[in-house]
Amino acid sequence: MTVMGSSKLPVLLLPHPLILLPTARLTLPISRSLADAILSLLDDSDAVLAAIPLPAPDSPSEITYGTAARIARLVRPRNQSSPTQPYLLSLHGVERIRFPSPIQIDQLDILPVHNVVYSSSDGIPSRDTVEAFKHAALVLLDRLAKDSLQPQRKDDWLRVAAIVENISEQRAAWMADVLVAAVSSQYPDRLAFLAATDVEDRLRRATELFVKQSSIQEVSKKIASAVDESFSRQQKEYFLRQQLAAIQRELHSLQSSPASVGPGFGTGGATSELDDDDQADADDLADLRRKIEALNVNSEERKVGVREWRRLKRIPQGSVENGVIRSYLEWLTSMPWPSNSTTTPIDVLKDPSFLTRARAQLDADHYGLDQIKRRLMEYLAVVRLRAIADTAQTQAQGDTPSTDASLGVTPTPPKKSKGVKGPILLFVGPPGTGKTSLGQSIAKALGRPFQRISLGGVRDEAEIRGHRRTYVASGPGSIVQALRKAGRNDPVILLDEVDKVGHSNFHGDPAAALLEVLDPEQNHSFNDHYINVPVDLSQVLFICTSNTLDTISAPLLDRCEVVELSGYTYDEKLHIAKRFLLPKQINANGLSDSQLTLTDDALLHVATMYTREAGVRSLERAIGAVVRFKAVEWAEWLDKENDAAGGEGNAKRNENGNEKQDGNTNENGVGNEWRATVEPHELEKILGIPRWDGEERDREEKRGVVYGLVVTGMGEGGILPVESTALPGTGRLKLTGSLGDVIKESGEIALSWVKTHAFELGITAGRGVDPLKVPDVIDVHLHLPAGAQKKDGPSAGIAMICAFVSLLSGACVPKDIAMTGEITLRGRVTPVGGIRMKVLGAHRAQIRKVILPWANRKDVEHDVALEVRREMQFFFVRTIDEALEAAFGRGALGWRKETVLLESRL
């Protein structure tokens with residue numbers, strides 16, 4: 001028993017949450033400096049110090065109570081775990097103490113000396129308090145004994161219970177200190193028990209703590225029993241799988257051992273990445289957790305990831321739901337969110353040669369296509385200027401002095417730039433014009449990853465927006481998959497064949513799902529049904545390709561910036577063949593540039609006589625056929641050269657056979673030098689008879705025949721003869737050639753205009769005379785060849801009028817003239833579409849003069865290449881009279897008087 005008194009003791013601060021109670025023993029690591037100070041205390045006979053608990057970080061730092069402790073042991077273990085705290089100190093609690101005034105200690109490695117007051121332990125508690133204490137202690141000890149799995153631990157709790165049952169009232173406070181120190185309890189409860197200096201209060205607090213711990217133990221036991229019952233099947237399956245894995249590892253180690261493996265078995269001790277499934281699974285889960293923790297705090301994706309991670313930890317590993325949640329988390333964390341996505345470095349954008357290098361990359365990959373290159377350079381320039389402006393703004397905000405905190409104003413953090421919204425480009429053109437390869441070139445010039453999504457034949461909306469997680473084997477849509485493969489939130493995504501996407505059906509409308517993807521005002525929060533977290537697509541550069549605009553819905557077309565690729569001229573095809581196609585085929589067929597050369601005339605002959613297309617795919621196939629033919633010749637020539645070299649060696653050993661061997665060599669052509677150049681006259685032997693030579697030669701000046709300009713269904717331009725003939729009949733018009741309603745109406749309008757102006761044109765002798773009935777009654781038959789192909793549209797009006805005038809007047813239109821334009825009954829020529837494609841088709845057909853409406857002059861100047869305009873002559877007409885004069889020539893038609901065109905203004 002200690003008499004209440006005061007003295008000075010060195011004070012040791014215990015790290016949070018350590019607490020030393022009287023009668024208890026505590027061991028803690030200390031630093032070298034603190035160990036030296038304690039060693040100096042051991043020299044004294046009574047080595048006692050005051051051990052006080054360190055307050056919690058959120059509580060007041062003033063300390064008023066603690067425990068007087070005797071130094072029991074100070075050692076330096078051999079296997080020290082911490083270099084900063086190499087010593088272990090053992091303390092034995094003796095008595096409660098308090099400080100006359102609150103003290104503050106900031107450092108843990110010092111022993112300051114303070115005045116302390118010892119608490120009195122002379123009081124005797126009441127019988128009721130002691131009985132309540134004994135009852136609560138016995139209940140807790142009985143619960144601990146029942147829950148103990150180790151027999152020795154169970155016996156210890158039972159022996160302590162026997163001591164508590166026979167304890168006297170004077171020793172009850174001492175037993176309370178012993179039990180509270182031995183029972184696991186929360187830090188605030190132990191701290192409040194240490195502060196209780198009165199014996200009655202101390203026993204009452206110990207009783208409350210024992211009752212609380214008994215309730216916790218009982219509830220924990222019930223929960224554990226319920227969990228064991230509900231998860232017994234899953235646990236059994238888990239343990240069986242663990243045993244199976246252990247057996248498989250043992251079998252693998254036996255099979256991998258060289259001493260136990262027979263011939264033809266085992267791997268000779270080699271390891272595989274497929275082994276050690278448990279370790280790989282643990283590493284995957286750890287990596288998954290790191291990715292979730294790396295997401296931005298308070299972001300939507302982090303909230304969803306944390307919620308699903310908690311669900312994953314509660315579900316047994318062998319269940320199906322575990323695999324579903326884990327697959328979802330893998331998709332979620334592999335997405336390029338703002339926290340883990342990389343963009344183009346600012347140093348690259350600020351480089352003065354950035355635009356120059358991008359332009360050089362586009363020119364190196366594609367020849368021509370100036371309009372598209374100009375649009376891309378505009379986008380790159382905006383990206384560069386925006387990045388420079390954002391950097392300057394950030395630096396300016398960083399240089400601004402912060403507001404004084406005393407004013408109560410918090411400085412606003414700088415806003416993160418959203419970047420430049422990527423344009424939605426739609427490349428429209430015939431096959432083979434380089435739409436898909438242009439997307440790869442754009443990605444290379446931008447320094448971004450490239451992903452291609454083929455939409456041809458897509459009929460399910462879920463392929464765009466993903467499946468909902470309620471479905472079996474669900475997964476994200478193609479947009480999210482492309483972002484995951486790219487690894488960045490600003491890739492170049494090519495939506496190929498967007499005109500061939502399926503329309504509305506019971507699976508949904510994929511074209512409608514694309515509306516959100518391709519809308520710059522909405523795709524910053526694209527919602528995939530599987531991910532179910534808004535995905536930012538505003539930085540993605542979308543490029544769509546299409547062969548036609550007819551099958552694309554109007555809302556989807558409104559969201560795209562249409563860029564037409566009508567086709568290549570012969571000059572462009574020549575450059576493309578020399579720079580890209582020929583080197584590619586030479587390399588693919590095992591030759592070198594020095595072993596094969598095609599002259600410009602030969603390449604032009606292939607393009608004009610063997611291919612007739614807007615793109616270059618047929619041209620590449622024709623060049624490939626030439627290269628393969630020369631590759632066969634080169635291989636045979638090498639074999640014969642090797643045989644000839646061997647024959648010359650044998651001839652040197654034969655005195656009379658040398659001259660005879662040389663003569664045979666020359667006759668077989670083996671001794672001749674290799675001809676690496678292919679001339680135009682050799683192409684017929686390689687590629688056969690030209691496919692388009694006959695049609696070009698058959699074009700002739702003939703009465704009633706003119707040539708119009710057309711656009712095929714695949715976007716290719718060309719010429720089409722308009723043939724007319726007169727035959728006995730009843731004065732009717734007959735139209736053939738699979739014609740639509742619009743083109744039939746154009747034919748009727750053309751004939752009506754010719755009948756109205758037959759006298760002015762010199763076809764009839766008087767006004768009001770029908771040229772189909774005077775002098776003879778005839779029918780006019782107008783035919784457009786290629787009858788199996790559907791034809792429609794108003795652009796054949798000029799050609800039909802010229803054909804009727806030629807037929808009835810006898811004048812002929814030159815064969816190098818082609819025309820297009822819509823007509824009206826008043827004699828006006830109105831504009832039509834597809835001018836660039838039609839002009840390029842006429843250029844490929846070697847047409848030299850083209851008649852076009854005056855309103856289409858801007859299309860020729862803007863869309864048609866300069867070299868094409870230099871090789872062709874254009875006539876822009878406003879009226880039918882000007883069109884007839886341009887087609888037949890000045891003075892070719894016998895106009896009787898000047899026709900005055902009046903316009904009604906009713």
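Contact here means heavy atoms within 4.5 Å. On that basis, residues 24 or more positions apart account for 75% of the contacts in the protein chain with a separation of 6 or more. The structure is a predicted model, in which local features need pLDDT of at least 70 and side-chain atom pairs count only at pLDDT 80 or more, while totals for chains, interfaces and linings use all residues. Residues are numbered from 1 along each chain as its sequence is written, and side-chain values use heavy atoms, with hydrogens and water left out.

The protein chain has 906 residues, and buried ones make up 42% of them (buried is under 20% relative accessible area, exposed is over 50%, and partly exposed is in between, with a 1.4 Å probe and protein chains only). Its secondary structure comes to 30 helices and 24 strands. These elements are DSSP runs numbered from the N terminus, with helices being H or I of at least four residues and strands being E of at least two.

Five strands build it in the order 8-9-12-7-13, with parallel pairing (two strands pair if DSSP finds at least two bridges between them). The edges are taken by strand 8 (450-454) and strand 13 (561-564), each with a single partner strand, so one side of each has no neighbour in the sheet. Direction ignored, neighbouring strands are turned by 20 degrees against each other on average. At one end of the order, strand 8 runs parallel to strand 9 (residues 492-496), and five bridges join the two. Gln451 has Ile493 of strand 9 as its bridge partner. Helix 14 (residues 435-446) packs on this sheet, touching strand 7 (424-428), strand 8, strand 9 and strand 12 (541-546), and its direction makes about 165 degrees with that of strand 12. Such angles run from 0 to 180 degrees between N-to-C directions, and axes are lines fitted to C-alpha atoms, for helices over the stretch in contact.

Leu549 is partly exposed, at 26% relative accessibility. Leaving aside residues up to four places away in sequence, Leu549 touches Leu426, Val428, Leu557 and Val562. Val428 is 121 residues away along the chain, yet its C-alpha atom is separated from that of Leu549 by 7.4 Å.

Elsewhere, strand 16 pairs with strand 17 (residues 717-728) in the antiparallel sense, over seven bridges. Val711 stands opposite Gly717 of strand 17. Five of the seven residues of strand 16 (residues 705-711) are buried, so the strand is largely enclosed by the rest of the structure.

Now for the helix pairs. Two packed helices are described by the angle between their axes and the distance between the axes. Helix 3 (residues 151-165) packs against helix 4 (residues 172-182) at about 160 degrees, the axes being 12 Å apart. That angle makes the two roughly antiparallel (angles under 35 degrees count as roughly parallel, over 145 as roughly antiparallel, 65 to 115 as roughly perpendicular and the rest as oblique). The crossing of helix 3 with helix 4 is left-handed; a crossing gets that name if the near helix is turned anticlockwise from the far one by less than a right angle, and is right-handed if clockwise. From helix 3, Trp157, Val160, Ile163 and Val164 meet Met175, Leu179 and Ala182 of helix 4. The residues of this contact divide into seven nonpolar, no polar and no charged (Ala, Val, Leu, Ile, Met, Phe, Trp, Tyr, Cys and Pro count as nonpolar, Asp, Glu, Lys and Arg as charged, and the others, Gly among them, as polar).

Helix 26 (residues 797-809) and helix 30 (residues 880-888) pack at about 65 degrees, with axes 10 Å apart. Their crossing is right-handed. Helix 26 brings Ile798, Ile801, Cys802, Val805 and Ser806 to the contact, and helix 30 brings Ile880, Ala883, Leu884, Ala887 and Phe888. These residues divide into nine nonpolar, one polar and no charged.

Helix 27 (residues 835-844) has 10 of its 10 residues buried, so this helix is largely enclosed by the rest of the structure. Among the buried residues are Arg836, Lys838, His843 and Arg844. Gln846, which follows helix 27, has a positive phi near 65 degrees. Asn532 also has a positive phi, near 60 degrees, in a residue other than glycine. Asn532 lies in the loop between strand 10 (526-527) and strand 11 (534-535), and counts as exposed at 52% relative accessibility.
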